[in-house]
Amino acid sequence: MSTKSVLGEVREVQLAIQLIHLGARLQFLESEVGLSRERLIRLYKEIKGVSPPKGLLPFSTDWYMTWLANIHSSMFYNMYQFMKTHSDEEKVWVLIKSYKLYLQQIEAQESEPILDFTRAYTMVRFFDSDMLQLSTCCRCAGQFVAHAHDHKSGYVCVLCRPPSRAGKARGSERAAAGEIAVPGMESIGLAVESALDGGGLH
Ligand SMILES: [Zn+2]
């Protein structure tokens, strides 16, 4: 992608700044932002004060299936999907806005974010390439991240069937056990609408 106009370039720089603040890795920046690698590295250093970390994105779909990660991932993906359906913005901006919304929700529940931006982005790619799906829990009707092609009928989510050690967990895990519910589509809708109206997401 090349940036031909000054305004186009400003937009790319703004996008890069947003992404770097959210913790995006260099590989992601290079694939999503139309600036040279050298400029991205300079921007990264200016904003973060350090060079971008090296190495590949190391994740597999299994990470999203562990108990606490699954709760956070499902919450994020429900928001992302809702926003994608109700917004005509570019995909990368939908991703940025849904991730900010996820951070807001976590902050409102006085908990710690478990899903970092790179994992959120990687998860969206896993969904796009049909490696993950949303399965509906037969007890609470919430939609949760699951391996693609798993049986959909009789699925019970991690909240309705938490592991036995979950009750003994502490800190953010305890908060997640009792207080973080994957919001229903109605509450996601309200949150997303206020976000799209320009409420605090910029
Ligand atoms: Zn459930």
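Modeller: Axes are lines fitted to C-alpha atoms, for helices over the stretch in contact, and angles run from 0 to 180 degrees between N-to-C directions. This is a predicted model, where local features need pLDDT of at least 70, side-chain atom pairs count only at pLDDT 80 or more, and totals for chains, interfaces and linings use all residues. Residues are numbered from 1 along each chain as its sequence is written, and side-chain values use heavy atoms, without hydrogens and water.

Biologist: What pattern does the protein chain follow along the sequence?

Modeller: Helices (H or I, at least four residues) and strands (E, at least two) are DSSP runs, numbered from the N terminus. The protein chain has eight helices and two strands. Read along the sequence, the pattern is α-α-α-α-α-α-β-β-α-α.

Biologist: How is α5 oriented to α6?

Modeller: Helix α5 covers residues 91–108, and its axis comes within 11 Å of the α6 axis. The two cross at roughly 130°. Under 35 degrees counts as roughly parallel, over 145 as roughly antiparallel, 65 to 115 as roughly perpendicular and the rest as oblique. That makes α5, relative to α6, oblique.

Biologist: Which residues of α6 does α5 meet?

Modeller: Contact means heavy atoms within 4.5 Å. On the α5 side stand Lys91, Leu95, Ile96 and Tyr99. Their partners in α6 are Phe117, Ala120, Tyr121, Val124 and Asp128.

Biologist: How is α1 oriented to α3?

Modeller: Helix α1 spans residues 6–22, and helix α3 spans residues 37–48. Their axes lie 10 Å apart, at an angle of about 50°. So α1, relative to α3, is oblique.

Biologist: Why do Phe76 and Tyr80 count as a stacked pair?

Modeller: Rings of Phe, Tyr and Trp (its six-membered ring) pair if their centres lie within 6.5 Å; planes under 30 degrees apart count as stacked, over 60 as edge-to-face and the rest as tilted. By this rule the count is eleven aromatic pairs. The centres of Phe76 and Tyr80 are 6.1 Å apart, so the pair is stacked with its planes at 20°.

Biologist: Where do Phe76 and Tyr80 lie?

Modeller: The two are four residues apart, about one turn of the helix. Both sit within residues 67–86, which form helix α4.

Biologist: What is the relative accessible area of Tyr80?

Modeller: Buried means under 20% relative accessible area, exposed over 50%, partly exposed in between (1.4 Å probe, protein chains only). Phe76 counts as buried, at 0% relative accessibility. Tyr80 is buried too, since its relative accessible area is 0%.

Biologist: How far apart in the chain are Tyr77 and Phe127?

Modeller: Their ring centres are 3.6 Å apart and their planes lie at 10°, so the pair is stacked. Both residues are buried. Tyr77 belongs to α4 and Phe127 to helix α6 (residues 117–128), so this pair links distant parts of the chain, at a separation of 50 residues.

Biologist: What share of the protein chain is buried?

Modeller: Take contacts between residues at least 6 apart in sequence: 58% join residues at least 24 apart. The protein chain has 202 residues, and the buried share is 45%.

Biologist: Which residues does Val50 contact, neighbours within four places aside?

Modeller: Val50 is in the loop between α3 and α4. At 48% relative accessibility, Val50 counts as partly exposed. Its contacts beyond those neighbours are Tyr44 and Lys45.
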